[in-house]
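Here are my notes for anyone opening this one for the first time. Have the viewer ready and follow along point by point.

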Amino acid sequence: MELSYRMTQIAECVSAGNRLADVGTDHGFIPIALVLQGEIPSAIAMDVVEGPLERAREHVAQYHLEEKITCRLSDGLSELQPEEVDSIVIAGMGGDLMRRILKRGARNFSGNKELILQPQSEYYKVRRILHEMEYRIVEERFFLDEGKYYNVMKALPGKECYDREVDYRYGKLLLQKRNLVLKQFLQNRLRTLAEIEQQICSHTDGNLSDKARNRLEAVKEEQGWIMDALVAYEDVP
C-alpha cells in the first residue's frame, strides 16, 4: 500500500515494534501500511463514526489483516485500554479537538505511551497540552503536501516547558533546525496579516469599533510572534 506524503510522514514517526492505536483512522491506511511493512506487530484502528470505520474494516479485510488489526468504534481514546498499545497516532483534526481528546483520554492510557500527533490547526494548543501532561516533544516535522502545510509532532513521557511563547506558537525544534518550509509559511502569513491590517484600517476614518480594534490588536500580536520566529532565519537565504 502506498501512503500519501502526509501519511508517510506520520507513519515514519511510529517506533518499530510498537503496537499502535490510530485515532480517527478514517480508511485505516496507516496501520495497514505499517503492518504490511512489518514495522509493527498489531494495531487498533479507531473512529467515532461508523461509516469511516466500516471503510477501514473493508480495507483490513482486503489485505487479510483481520488477525493483526482490530477496528473499534471509539469517541477519541474512550475505548482504549491502558496497556493495549505502545504508540498512539491522532491525525487530521483541529488542534483544539486534539487537545480535548488527549485531556479526556489521559485515564485510558498510561503515561508511557509514544504520541504521534498531526493537528490541522492551533498547533500551540497541542504543544501546551503535551507539556501539561508531562510529555516532551522529541521531533517535529513541518512540510507541504499538495499545496497544504502540515505539522507532525512526536512526543515521549518526560517533563518539559518552553520559556518563550513563540516556541509554543511555531515549534521550538522547528525553529532550532530552521525548517525552511516553516520559514515560507511564516513569510506568507506575514503578508496575509499585512493585507488584513490594511483592510481594517482602510474601512474606518480612524475611529475603530471595538470589534475592529480587537481584531487589529490580534493581528499585531501575531505579527510580533512571527517577527520573533523569523529571527532564527536571519542568516538563511
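1. At roughly what angle do the axes of helix 1 and helix 2 cross? Bear in mind that this is a predicted model. Helix 1 covers residues 5-12 and helix 2 covers residues 29-36; their axes come within 10 Å and cross at roughly 60°. That angle makes helix 1 oblique to helix 2, and the crossing is right-handed.

2. Now look at what touches there. Helix 1 brings M7, I10 and A11 to the contact, while helix 2 brings F29, I30 and L34. Sorted by class, that gives six nonpolar residues, no polar ones and no charged ones. As a reminder when you look down a helix: an α-helix has 3.6 residues a turn, so residues three or four places apart point the same way.

3. Stay with helix 2 for a moment. Is it mostly enclosed or open? Six of its eight residues are buried, so helix 2 is largely enclosed by the rest of the structure. The buried ones are I30, P31, I32, A33, L34 and V35, where buried means under 20% relative accessible area.

4. What does the covering? For the buried residues of helix 2, the cover includes helix 1, strand 1 (20-23), strand 2 (43-47), helix 3 (50-62) and strand 3 (69-73).

5. Next, jump to helix 8 (residues 180-202) and helix 9 (residues 210-230). Their axes also come within 10 Å, and they cross at roughly 155°. Since angles over 145 degrees count that way, helix 8 is roughly antiparallel to helix 9. Helix 8 passes helix 9 in a left-handed crossing.

6. The list of residues in this contact includes L186, L190, L193 and E197 from helix 8, and L216, V219, E222 and Q223 from helix 9. The class count for the contact of helix 8 with helix 9 is 14 nonpolar, two polar and six charged residues.

7. Finally, step back to the whole chain. It holds nine helices and seven strands, and its C-alpha atoms fill a box of roughly 65 × 35 × 35 Å along the principal axes. Of the 237 residues, 46% are buried. The accessible surface comes to about 12100 Å², with 47% of it belonging to carbon and sulfur atoms. Among contacts between residues at least 6 apart in sequence, 68% join residues at least 24 apart.

Technical notes. Residues numbered from 1 in each chain as written. Predicted model: local features only at pLDDT ≥ 70, side-chain atom pairs only at ≥ 80, totals over all residues. Heavy atoms only, no water. Axes fitted to C-alpha atoms, helices over the stretch in contact; angles between N-to-C directions. Helix = DSSP H or I, 4+ residues; strand = E, 2+ residues; numbered from the N terminus. Parallel < 35°, antiparallel > 145°, perpendicular 65-115°, else oblique. Left-handed = near helix turned anticlockwise from the far one by under 90°. Contact = heavy atoms within 4.5 Å. Nonpolar A, V, L, I, M, F, W, Y, C, P; charged D, E, K, R; others polar. Buried < 20%, exposed > 50% of the residue type's maximum accessible area, 1.4 Å probe, protein only. Areas by Shrake-Rupley, 256 points an atom, 1.4 Å probe, with all protein chains shown as cover.
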